[in-house]
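Dear colleague,

Please find the structure below, together with its sequence.

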Amino acid sequence: MADWKKTIVSKTDVDNLVKKYNLDPLSASICVRRGITNGNDMLFYKEDDLRFQHNPFLFNGMEDVVDRLLAAKDENEKVLIFGDRDVDGVTSTTVLYEEFKALGLDVSFRLPQGDDAYGLSMEAVDDFAKQFGSLIVTVDCGISNVNEIKHANELGIDVIVLDHHNPPEIVPEAEVILDAKMENSGYPFKDISGCAVAYKVVSALRFSHSEWYKLDVTLLNVEEIENGFSLNCIKLRNLVPLSVYNERITESNFSAVKNKFFEYLKGQLILVWDKKRNQNLLKEIFGSAQEFNLVDIQEEFSKINSSIASLSLSQLKSKSTLAKYGNHSPTEIGAFFNIFVTYVQYTVKKLIPDYVEKENNDLQLVALAALADIMPMKNENRIFVKYGIKMINEHKIRSGLFELMSVLHLTEKKVSSIDLSWVIVSNLNAAGRMGQSELAANLFLNNNPVERSNIANKIVELNTLRKTLTSDAQGYSSLQGETSINQYNGNLCVVIDPRIHRGVSGILAGKLASTFDVPAMVMTYVDDLCIGSMRSCRGLDLPQFLSQMSDLFVSYGGHKAAAGFSFKKNQLDEFQNRLKELSKNIVLTESEKNTYTVDAEVPQKFLTPNLLKINDLFEPFGEENAQLLFMSKNLEVKEIQALGKEMQHLKFSVEGNACKWPCLYWNKGSSFRTEYNNGDRVDILYRVEKNLFNKMEIPQIVIVDMKKSENW
């Protein structure tokens with residue numbers, strides 16, 4: 001019998017969230033249980049505006065990347081995008097390729113095909129050199145390609161690395177590396193996908209078309225305070241704050257502050273909100289002999305939004321959304337910074353007529369990549385996925401994705417993150433797993449809708465084949481996997497079988513890890529290499545673990561939860577011996593396989609469709625943000641029946657508050673009449689979802705676990 005665990009939370013903590021963030025008590029209690037209590041985390045649950053994503057120029061090397069790409073355009077250089085075979089790699093390549101073509105670059109792309117290894121290859125470098133290419137941009141790979149990039153450099157080819165994997169001890173000598181996991185990246189959020197890095201680059205490229213690119217500006221605001229004045233400035237470049245100046249100036253410190261203030265403003269373009277007010281205050285402080293060349297943004301902003309432009313900074317700061325999620329009081333200069341960013345973003349989008357459409361298309365791919373690569377559903381990943389899903393559900397589906405969704409009969413329903421993860425991603429991944437990654441890229445890049453539909457059908461067929469190969473592999477590998485656990489000290493499940501198709505090794509490793517509740521490793525042979533995939537559970541950091549055998553690997557890398565590697569087949573015995581020794585020292589966290597963590601207990605009187613709205617607040621679901629799990633007790637079973645071709649599922653209903661909930665309990669049809677009957681009282685652990693029936697969305701409960709109620 002599984003354990004149902006519900007953490008007791010403090011009423012004070014819940015009430016604080018209700019008051020501060022205008023949450024309902026049930027949502028607030030879930031947030032407390034999940035540790036979503038600070039303002040920065042809450043921001044990305046409550047808000048979905050793209051304004052809250054991070055500035056691409058926070059990457060320390062972003063300006064260098066943009067300049068190198070613009071130089072490539074000016075010099076008519078040949079550029080190669082080299083990506084990866086999975087969804088993240090294909091979407092990354094697509095986002096870059098579309099923008100590079102629009103920019104006018106002479107660009108081509110290449111993805112691993114057939115049994116090609118992961119990452120940039122010597123062959124790809126040599127082939128590109130023969131075409132007189134001079135710039136390679138790797139995306140979703142490259143951070144571990146030290147030798148290949150050195151070889152490119154020797155051939156006179158520059159390489160820009162756009163990656164998101166954990167960097168090795170020695171990183172390549174590339175022209176520029178953008179990887180948020182690099183210690184000196186400058187980027188504030190480390191867990192973005194490769195496609196998100198690509199999106200940041202194309203966003204920065206679009207920004208470079210504007211007059212604001214590389215322009216150093218200073219925002220200035222003068223305030224009158226008791227016994228003096230407050231001088232407040234922010235220096236910016238590419239909308240990134242470089243420094244902040246805040247000084248009180250009074251009679252006693254006038255001379256020192258004056259010199260410091262003038263030095264700070266020296267050579268700067270000075271922007272203000274309400275030029276007349278600021279000029280009058282500066283004149284009052286420094287006298288009419290001192291002139292300040294001020295540019296009034298308020299006048300410019302009035303062309304965008306006259307109602308907001310009529311407000312003072314004092315009024316604007318009280319409306320600050322960002323301040324609501326901070327632990328500080330809003331300031332006038334902070335309000336000015338926010339409004340300035342809004343103004344500049346508007347001018348950039350106006351400058352590029354199809355900017356919004358491009359961004360919508362990009363973000364649908366970024367959303368898919370985040371879900372496919374199991375990125376944590378926190379911080380700006382939530383913005384990406386929410387926005388991408390919003391575009392899809394508003395029927396603004398980008399080309400390629402529309403055709404695939406049509407084949408899968410998803411265009412008529414409101415999709416969720418779960419639909420994208422389990423249906424769209426699994427089909428897209430099949431192309432790369434079956435050695436035809438360029439098929440997936442061409443789905444997005446082909447200009448002919450008929451051909452895109454044909455490609456979509458081929459991808460679905462490949463996924464059907466992938467399912468067959470996975471099912472077959474499970475059949476002949478499960479026993480080997482189970483018996484291997486003792487050989488590896490109870491800490492690893494290891495399968496080695498040449499019959500396994502390399503394209504399903506990762507899926508198989510994931511299934512084995514889930515079944516046996518230990519990290520799993522699945523290997524097969526390709527020519528003279530042993531190629532493996534590994535999936536984690538119970539806290540094992542895979543790249544860190546694999547790094548202990550780095551001297552054996554031809555290549556390896558990945559994330560904490562998913563990794564891949566390869567080594568020479570003749571080193572298999574040594575690999576296994578070392579793996580057995582290393583497995584002795586693996587420390588796994590306590591298993592929670594038979595434990596369910598309850599997000600909230602819902603009494604019958606609160607069992608209403610409002611639960612769906614609460615569910616929506618926590619969407620998108622994914623890594624580090626599992627679907628909500630509710631618990632309700634002492635409910636009467638009604639209209640119970642078994643259903644399905646083999647009567648394998650259980651269906652019944654329960655009464656909520658003035659409503660009836662249909663309930664589905666998958667693969668529990670055998671319990672009909674043997675365990676459960678009409679009139680039984682049950683405690684249920686469940687998720688809520690919307691079921692589409694005759695184009696109508698009907699709330700339903702999906703049972704996760706159920707037991708007879710006590711004392712009824």
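This is a predicted model: local features need pLDDT of at least 70, side-chain atom pairs count only at pLDDT 80 or more; totals for chains, interfaces and linings use all residues.

Residues are numbered from 1 along each chain as its sequence is written, and side-chain values use heavy atoms, with hydrogens and water left out.

Helices (H or I, at least four residues) and strands (E, at least two) are DSSP runs numbered from the N terminus. Helix H16 (residues 355-372) packs against helix H19 (residues 417-433) at about 90°, and their axes are 9 Å apart. Axes are lines fitted to C-alpha atoms, for helices over the stretch in contact, and angles run from 0 to 180 degrees between N-to-C directions. The two helices are therefore roughly perpendicular (65 to 115 degrees). On the H16 side, Leu-368, Leu-371 and Ala-372 meet a set of H19 residues that includes Leu-420, Ile-424 and Leu-428 (contact means heavy atoms within 4.5 Å).

Asn-379 sits in the loop between H16 and helix H17 (380-393). Its relative accessible area is 13%, so Asn-379 is buried (under 20% relative accessible area, with a 1.4 Å probe and protein chains only). Leaving out residues up to four places away in sequence, Asn-379 touches Asn-40, Phe-44, His-54 and Phe-189.

The largest nonpolar core has 157 residues, and those touching the most other members include Ile-424, Phe-618 and Tyr-686. Such a core is a set of buried Ala, Val, Leu, Ile, Met, Phe, Trp, Tyr and Cys residues joined through side-chain atoms within 4.5 Å. Beyond four places in sequence, the contacts of Tyr-686 include Val-602, Leu-611, Phe-630 and Ile-701. Another core, of 37 residues, lies apart from the largest one, with Ala-513, Val-518, Phe-567 and Leu-588 among its members.

Five strands form an open sheet of mixed pairing, in the order E12-E13-E14-E16-E15 (two strands pair if DSSP finds at least two bridges between them). Its edge strands are E12 (493-496) and E15 (553-558), each pairing on one side only. Four bridges join E12 to strand E13 (residues 520-526) in the parallel sense, and Ile-496 has Met-523 in E13 as its bridge partner. Helix H22 (residues 505-516) lies across E12, E13 and strand E14 (529-535), at about 45° to E14.

With kind regards

Key
Angles under 35 degrees count as roughly parallel, over 145 as roughly antiparallel, 65 to 115 as roughly perpendicular and the rest as oblique. Buried means under 20% relative accessible area, exposed over 50%, partly exposed in between (1.4 Å probe, protein chains only).
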